[in-house]
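Hello,

Here is the structure I said I would pass on. Please look through it first; my notes follow below.

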Amino acid sequence: MSAKVRTPEEIAARVKALESIMIEKGIMTTAAIDRLVEIYENEVGPQLGASVVAKAWSDPEFKKRLVANATDACRELGIGGLQGEDMVVVENTDTVHNVITCTLCSCYPWPVLGLPPNWYKGPEFRSRIVREPRKVLREDFGFDVPDSVEVRVWDSSSEMRYWVLPQRPAGTEGLDEKALAALVTRDSMIGVGPVAAP
Amino acid sequence: MNGVHDLGGTDGLGPVPVPESEPVFRAEWEKAAFAMFSMPFRAGFFGVDMFRHGIEKMHPAVYLLSPYYEHWMHAAEHYGVAKGVLDEDEIEKRTQYFLENPDAPLPEREDPDLLAFVDWAVQNGVPAGRPSDKVAKFAVGDRVTVSNDVPYGHTRKARYISGRTGVIELAHGTMIYPDSAGNGGDDAPEHVYTVKFTSTELWGAEAAEPNGVVYFDVWEPYITHATSQESAA
């Protein structure tokens with residue numbers, strides 16, 4: 001266990017050293033790495049979660065199924081898989097605001113949100129969001145939650161993956177699912193930001 | 001283990017660094033390091049619980065200061081060496097080579113099965129649910145207290161809920177038990193529950209923000225029925 005913090009050049013060289021050995025040992029290939037990267041750069045991202053939210057806003061029966069069993073409801077839309085094998089959607093209301101975290105590492109619902117942003121995985125957010133969530137939301141994300149609204153922080157300590165169903169904004173009555181999905185931000189499904197204004 | 005990775009409630013780490021935007025991968029090496037979970041997993045280096053424990057065993061200062069995906073590289077190296085598949089001297093030698101020749105090519109090899117595995121794993125995932133005939137000792141609505149035990153190995157019992165009392169909100173059935181699987185043991189499935197703790201119970205009336213709760217998932221061995229009616233709502 002080394003106490004030395006490596007430079008970016010040292011990390012890159014060490015990763016390449018391990019990569020080259022693991023390619024020779026039959027554990028990795030560059031083609032498989034490229035495919036994995038392509039999936040999480042271009043295919044699996046928060047646009048998938050946004051489509052689920054838009055459907056829930058448009059279809060009350062789907063919303064009931066989503067809140068009852070998010071894994072099964074997402075599968076109806078062909079969404080699911082790695083790091084979202086067991087998902088729970090938590091619903092924001094006029095009196096409840098939800099926010100997700102993983103204080104012990106970086107757990108996050110990949111099938112609906114893609115890979116987490118670096119701040120979600122870093123020590124600053126993970127340490128403070130369970131202790132002073134209102135202050136973090138206000139000071140770090142510019143997002144005010146009034147004291148009358150209960151703040152519920154979901155710490156993903158098991159393989160259950162929580163994510164937030166934000167409230168449908170006012171003035172969106174005429175919008176179809178595609179237009180609604182465009183309003184749903186990644187941050188609104190983590191619980192650190194609002195949905196976009198219509 | 002009582003490590004620095006267990007960050008919930010730690011003070012003094014500063015504001016959350018939130019950039020306007022960022023790429024999924026910030027450097028080429030992050031892409032290969034990201035693959036050092038799924039592919040070594042397939043090769044039998046670790047399950048997800050052991051993988052996490054490998055990261056927890058990093059030097060705490062390096063853990064806090066290094067870029068995220070270096071943690072993943074560390075876990076792959078740790079278990080690869082422990083299994084005898086990777087050799088420390090060989091890693092050092094090649095690291096030196098790539099430091100001096102950063103653009104040197106990687107070995108070439110093809111493996112259609114590995115390529116197919118990537119898509120399969122992303123789509124199907126690796127569920128942690130495991131059947132068990134164990135009868136659940138707790139039910140939704142029960143008031144429970146988290147044990148004060150501080151194990152040396154891997155656990156998902158965070159410091160900040162240790163000894164605290166809350167109410168079971170959800171019951172999820174039986175899943176792999178990290179305190180066994182993360183330490184090289186078998187799956188040993190246990191019932192998993194989501195417990196609701198008030199912010200006052202966690203931080204005390206003086207420090208707690210108003211009108212807040214934290215939900216935390218526990219495995220059955222972490223909890224007992226609460227004996228006092230005084231704490232928690």
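**Where chain B and chain A meet**

Across the interface of chain B and chain A, 44 residue pairs are in polar contact, both partners having pLDDT 80 or more. Sorted by class, the side of chain B that touches chain A holds 61 nonpolar, 15 polar and 21 charged residues. Please keep in mind that this is a predicted model.

The contact involves 97 residues from chain B and 89 residues from chain A. The size of an interface is often given as the accessible area lost when the parts come together. For chain B and chain A, the buried area is about 8500 Å², with 64% of it on carbon and sulfur atoms.

Eight salt bridges are found across the interface of chain B and chain A. One of them joins the side chains of Arg52(B) and Glu159(A), at 2.8 Å from N to O.

The two chains also pair through strands. Strand S3 (residues 150–155) of chain A and strand S4 (residues 212–219) of chain B run parallel and are joined by five bridges. Val151(A) has Gly212(B) as its bridge partner in S4(B).

One residue to look up is Arg35(A), which lies in helix H2 (residues 30–43) of chain A. Is Arg35(A) buried or exposed? Its relative accessible area is 16%, and buried means under 20%, so Arg35(A) counts as buried. Apart from neighbours within four places in sequence, Arg35(A) is in contact with Glu43(A), and with Leu115(B), Val118(B) and Asp119(B).

Regards

Key:
Residues numbered from 1 in each chain as written. Chains lettered and ligands numbered in written order. Predicted model: local features only at pLDDT ≥ 70, side-chain atom pairs only at ≥ 80, totals over all residues. Heavy atoms only, no water. Helix = DSSP H or I, 4+ residues; strand = E, 2+ residues; numbered from the N terminus. Buried < 20%, exposed > 50% of the residue type's maximum accessible area, 1.4 Å probe, protein only. Contact = heavy atoms within 4.5 Å. Buried area = accessible area lost by both parts, 1.4 Å probe. Salt bridge = Lys/Arg side-chain N within 4 Å of Asp/Glu carboxyl O. Polar contact = N/O pair within 3.5 Å; in protein donor to acceptor, adjacent residues only side chain to side chain. Nonpolar A, V, L, I, M, F, W, Y, C, P; charged D, E, K, R; others polar. Pairing = 2+ DSSP bridges.
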